[in-house]
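Colleague: I have a model open on my screen and would like to learn how to read it. Could you walk me through some features, one at a time?

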Amino acid sequence: MKQVRLGNTDTFVPAVAVGVMRLGDKPAAQAQAVVENALAHDVNFFDTADIYAQGRSSIKLGQALQDAGVDRDKIFIQSKGGIILANGQVGGDGWQGPRYDFSKSHLIAAAEAELKRLQTDYLDVFLLHRPDTLMDPEQVAAAFRELKDAGKVKHFGVSNMNPWQVELVQAALDEQLVANQLQFGIMHTGMIDADLHVNMTDAAATNRDGGILAYSRLKHMTIQAWSPFQYGVFQGPFIDNPEFADVNAKLQDLADKYGVTKNTIAVAFITKHPANMQVVIGSMTVDRAAEMMAIDGFELTNQEWYDIYLAAGNLLP
């Protein structure tokens with residue numbers, strides 16, 4: 001499995017990570033199969049969050065790792081915290097919309113609760129889960145410092161933040177944030193569209209992300225691409241979707257050329273980018289996940305990358 005550097009650290013992680021947002025309602029045997037399938041493809045990085053299935057996804061992941069007899073020091077576990085459900089309890093029932101809490105007390109409690117759910121003594125990475133406009137960076141820094149000093153978290157990062165939001169958090173910290181989890185994929189290329197349409201007035205020139213792609217590369221922050229198979233945000237998958245015939249035809253052409261599947265090519269499109277992104281796949285189907293992880297042995301050419309980009313309905317200046 002291709003490796004990417006985690007932020008500015010000396011640690012390298014697989015270019016594909018397994019996200020377990022949908023694991024919470026799966027039977028134990030399937031959860032164990034998801035873990036074992038990932039490890040069989042040299043994918044040892046697992047991403048969760050305290051709100052996924054109201055905490056049940058982390059519980060299922062922790063038990064699956066135990067059932068699979070995984071050596072904790074040979075895997076990476078990442079979680080996220082800072083979102084509270086509408087009823088005021090992470091892990092409660094009755095989702096009605098979130099609010100945010102980046103206070104020191106909540107972030108520490110969120111991380112410690114995840115350790116219990118995951119049956120582990122430490123997290124490799126802990127991310128702030130979306131921006132909180134009421135955030136006090138000093139509170140975040142104090143929480144991170146306490147968690148690290150206690151050996152409960154090794155590295156920290158953010159998700160869905162623009163450059164100035166990252167800078168605001170970073171200014172209070174003693175160490176560099178290692179990752180920013182952002183939605184990116186063939187049908188969600190806003191950060192690239194704006195980069196290509198500089199000094200233009202068309203819709204693609206709209207800079208919604210503050211230049212986060214170039215910023216992340218300059219700061220050596222790993223971009224973790226979430227929901228890479230969705231169009232829009234959560235509208236649905238684009239693979240084999242008749243609404244996206246052109247891009248599916250192009251993906252099939254390239255899949256035939258390289259002896260893989262469309263799912264493989266969709267991941268290779270992301271890992272081709274020199275930003276060294278890490279792709280967070282969320283499929284709980286073992287065969288489909290295996291296709292997404294089969295990115296070794298070939299690399300798309302620059303022309304093929306742009307062919308996919310254009311087939312997805314994008315324009316070049």
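Colleague: Let's start with Gln252. Which helix is the place of Gln252?

Modeller: Gln252 sits in helix α8, which covers residues 245-258. Keep in mind as we go that this is a predicted model.

Colleague: How does Gln252 count by relative accessibility, and why?

Modeller: The idea is to compare the value with two cut-offs: under 20% is buried, over 50% is exposed, and in between is partly exposed. Gln252 has 31% relative accessibility, so it counts as partly exposed.

Colleague: How far apart in space are Gln252 and Glu167?

Modeller: Their C-alpha atoms are 41 Å apart, and in sequence the two residues are 85 residues apart.

Colleague: What is the extent of the protein as a whole, then?

Modeller: Along the principal axes, the C-alpha atoms fill a box of roughly 50 × 50 × 40 Å. For 317 residues, a compact globule would have a radius of gyration near 20 Å; the protein has 19 Å, so the two agree. Buried residues make up 55% of the 317 residues.

Colleague: And how many helices and strands are there?

Modeller: The protein has eleven helices and 14 strands.

Colleague: Which strands pair with β3?

Modeller: One is β14, residues 278-281, which runs parallel to β3 and is joined to it by three bridges. There, Val16 stands opposite Val279. Another is β4, residues 45-47, paired with β3 in the parallel sense over two bridges. On that side, Gly19 has Asp47 as its bridge partner. Between β3 and β4 the chain passes through helix α1, residues 28-40, and this β-α-β crossover is right-handed.

Colleague: Now to backbone angles. What should I look for in phi?

Modeller: Most residues other than glycine have a negative phi. Against that background, look at Gln119 and Asn160. Gln119 is not a glycine, yet its phi is positive, about 55 degrees. Asn160, also not a glycine, has a positive phi of about 55 degrees.

Colleague: Where do Gln119 and Asn160 lie?

Modeller: Gln119 is in the loop between α3 (104-118) and β8 (123-128). Asn160 is in the loop between β9 (153-159) and α5 (163-170).

Colleague: Do they count as buried or partly exposed?

Modeller: Gln119 counts as partly exposed because its relative accessibility is 38%. Asn160 has 19%, so it counts as buried.

Terms used. Residues are numbered from 1 along each chain as its sequence is written. This is a predicted model: local features need pLDDT of at least 70, side-chain atom pairs count only at pLDDT 80 or more; totals for chains, interfaces and linings use all residues. Side-chain values use heavy atoms; hydrogens and water are left out. Two strands pair if DSSP finds at least two bridges between them. Helices (H or I, at least four residues) and strands (E, at least two) are DSSP runs, numbered from the N terminus. A crossover is right-handed if, with the strands pointing away from the viewer, the path from the first strand over the helix to the second runs clockwise. Buried means under 20% relative accessible area, exposed over 50%, partly exposed in between (1.4 Å probe, protein chains only). The radius of gyration is taken over C-alpha atoms; the globule rule is 2.2 Å times the number of residues to the power 0.38.
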